[in-house]
Amino acid sequence: MHRICKNIDIKSKNAHIDDVYKYNCTEVRYAVVNAIVERCGTIHTTPTNVFSFNCSVWSEQLAKDLQYMFESLGCVVNLSLEEQTDNV
């Protein structure tokens, strides 16, 4: 699964998660999310055991795909999109 996620260029404006992974079994969706989180994200836990995840990607579609994947695994997602510049 990590090999598959390494093929996703998180800095590409065209990045996305293929449907074959988005609409797969729970184990596959979890593995894809886990691999992407390891590459581009951080997870924080509050004192009340609420988890927050921050991920920086350049593709709006990849962000929406991640939102779908997290929600399909039972998470509540608040997606915040910010404009990226090539200079960052």
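Predicted model: local features only at pLDDT ≥ 70, side-chain atom pairs only at ≥ 80, totals over all residues.
Which residue just after helix 4 takes a positive phi? That's G74, at about 95°. Okay, let me back up and walk you through the rest.

Residues are numbered from 1 along each chain as its sequence is written, and side-chain values use heavy atoms, with hydrogens and water left out.

Now the layout. The protein chain has 4 helices and 2 strands; helices are DSSP runs of H or I with at least four residues, strands are runs of E with at least two, and both are numbered from the N terminus. Going along the sequence, you read α-α-α-β-β-α. Of the 88 residues, 30% are buried. Buried here is under 20% relative accessible area, exposed is over 50%, and partly exposed is in between, with a 1.4 Å probe and protein chains only. As for contacts (heavy atoms within 4.5 Å), take those between residues at least 6 apart in sequence: 58% of them join residues at least 24 apart.

On to the strands. Strand 1, residues 41–45, and strand 2, residues 51–55, pair antiparallel over 5 bridges; to count as a pair, two strands need at least two DSSP bridges between them. T45 sits opposite F51 of strand 2. The two strands make a hairpin with 5 residues between them, and N49 in that turn has a positive phi of about 60°.

Back to helix 4, residues 60–72. Its 13 residues reach 18 Å from first C-alpha to last, close to the 18 Å expected at 1.5 Å a residue; that expected span is 1.5 Å times one less than the number of residues. Which residues in helix 4 are buried? L62, A63, D65, L66, M69 and F70. Looking down the axis of helix 4, those buried residues fall within an arc of 160°, so they line one face. The arc is taken from the directions from the helix axis to the C-beta atoms. As a reminder, an α-helix has 3.6 residues a turn, so residues three or four places apart point the same way. And what do the buried residues of helix 4 pack against? Helix 2, helix 3 (26–40) and strand 2.

At the N-terminal end, S59 caps helix 4, with a side-chain oxygen 3.2 Å from the backbone nitrogen of Q61.

Leaving out residues up to four places away in sequence, K22 touches I17, R29, D65, Y68 and M69.

Then there's I10, in the loop between helix 1 (2–6) and helix 2 (19–22). I10 counts as buried because its relative accessibility is 12%. I10 and W58 are 48 residues apart in sequence, yet 6.4 Å apart C-alpha to C-alpha.

Last, cysteines. There are 0 disulfides, meaning pairs of cysteine sulfurs within 2.5 Å. C25 is partly exposed at 35%, and C75 is partly exposed at 35%.

How values were computed. Polar contact = N/O pair within 3.5 Å; in protein donor to acceptor, adjacent residues only side chain to side chain.
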